Amino acid sequence: MALGRTASQDNTQQSGPQLTLPSRCFTDPDIYTRELETSFRKVRQPAGHAEDVAEPGDYLTGRIAGQDIAVIRRRDGVLRGFFNVCQHRSHRLLKGKGNLKVAITCPYHAWAYGLDDTLRNAPNADNVCGLETADVSLQSVAIAVVGPMVLACLDRDVAPFDDLYPGVHREFNAFAPRMGELTFHRRSSATLACNWKVALENYGECYHCKHAHPTLVSALLDANNYRVELFERHHRHTTSSNPDGITLYEVDADDSDQALNYANWLIWPNYSFQVNPGSNVVVFQFMPDGLEHTIENIDWFFGPWVPESERDRIVEDHTRTTCRKTSISARRSRSVSTTCATTAAF
Ligand code: FES
Ligand SMILES: [Fe+2]
């Protein structure tokens with residue numbers, strides 16, 4: 001269990017302190033390869049923003065677990081995901097995001113797929129021996145929407161999100177009761193010089209907060225009230241705002257019951273949903289980029305109650321109070337490979 005103020009659930013009682021992973025888990029290329037194959041290709045990953053696929057015909061594209069995928073809203077309102085690859089000679093089908101009126105047409109030889117993934121037309125197909133166009137369809141991926149995010153999984157048989165992470169979706173909506181009014185503001189990205197688990201472990205505790213993020217603690221969050229609860233595949237972090245008041249930015253306490261509170265759900269293996277005081281939502285994702293590098297994406301969402309003119313300042317103030325984590329992760333990354341690295345209380 002993470003150090004700091006914590007609480008256990010009945011199903012997560014520990015007989016002793018939770019230990020960090022052995023150092024080879026951060027440095028062994030074979031372990032890294034297995035992680036990609038057994039974890040990242042079998043779990044949902046943030047793939048885009050729900051607001052980009054709100055209307056029939058809307059689509060977005062993304063890359064998860066090293067594969068290009070696309071998500072499209074069909075005419076019947078159902079959200080579908082598929083590998084963004086033509087079934088003819090593997091040309092990429094869609095770019096960026098947008099709206100399709102009729103069909104997905106491959107830019108290479110113009111095979112055309114309906115919004116239901118089936119091949120509708122292949123030029124000259126009647127003259128190609130053995131080609132049964134009725135048998136051709138795009139390869140689907142599993143899709144779910146949680147909060148402002150579209151999640152995709154390359155394994156179409158993955159269990160429902162609510163089964164894997166019980167309570168998270170409901171709690172997230174409860175902490176951000178005006179979720180439907182949130183819109184994407186901006187993404188901050190950085191490449192961290194560390195294994196993805198080093199970056200993620202930093203988000204598994206707030207033991208470092210008072211020391212590493214003094215402004216965050218003095219101007220926003222109550223570190224003394226910080227709770228980390230562990231579940232089978234996720235953590236829940238909660239606290240209230242600083243009892244002396246929030247000075248980092250203005251918060252309307254009447255906005256919702258949770259307006260002054262903070263919550264974060266760290267979803268196995270590599271992303272989190274966070275609701276800050278003021279009901280703004282942040283989604284963190286840590287994508288492995290080789291054994292020793294991690295791409296961190298941070299997506300910010302605000303509701304109409306936050307003036308446009310204030311949003312960048314809030315993001316920048318948050319970044320200023322928390323950016324030391326980047327160098328912390330890089331320094332720790334160098335240290336975990338030393339010969340004296342040991343497991344320790346998390
Ligand atoms: S690769 Fe798509 S139509 Fe040929
Ligand atoms: Fe931190």
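Predicted model: local features only at pLDDT ≥ 70, side-chain atom pairs only at ≥ 80, totals over all residues.
Student: What is a salt bridge, and how many does a search of the whole structure find?

Tutor: The term denotes a side-chain nitrogen of Lys or Arg within 4 Å of a carboxyl oxygen of Asp or Glu. A search of the whole structure finds 17 salt bridges.

Student: Which residue forms a salt bridge with aspartate 299?

Tutor: Its partner is arginine 187, and the closest N and O atoms are 2.6 Å apart. The pair links distant parts of the chain, 112 residues apart: aspartate 299 belongs to strand 18 (residues 294–302) and arginine 187 to strand 12 (residues 183–192). Helices (H or I, at least four residues) and strands (E, at least two) are DSSP runs, numbered from the N terminus.

Student: Is aspartate 299 buried or exposed?

Tutor: Buried means under 20% relative accessible area, exposed over 50%, and partly exposed in between (1.4 Å probe, protein chains only). Aspartate 299 is buried because its relative accessible area is 2%, whereas arginine 187, at 42%, counts as partly exposed.

Student: Where do glutamate 310 and arginine 313 lie?

Tutor: Both residues lie in helix 8 (residues 308–322), three residues apart, which is about one turn of the helix. Glutamate 310 is partly exposed at 26% relative accessibility, and arginine 313 is partly exposed at 33%. Elsewhere, salt bridges that share partners join Glu171, Glu229 and Arg236 into one network.

Student: What is a disulfide, and which cysteines does a disulfide join here?

Tutor: In general, a disulfide is a covalent bond between the sulfur atoms of two cysteines. The criterion applied is a pair of cysteine sulfur atoms within 2.5 Å. A search of the whole structure finds one disulfide, and this bond joins cysteine 206 to cysteine 209, with an S to S distance of 1.9 Å. The link of cysteine 206 and cysteine 209 is left-handed, with -115° about the S-S bond. Cysteine 206 and cysteine 209 are both buried.

Note on methods: Residues numbered from 1 in each chain as written. Chains lettered and ligands numbered in written order. Heavy atoms only, no water.
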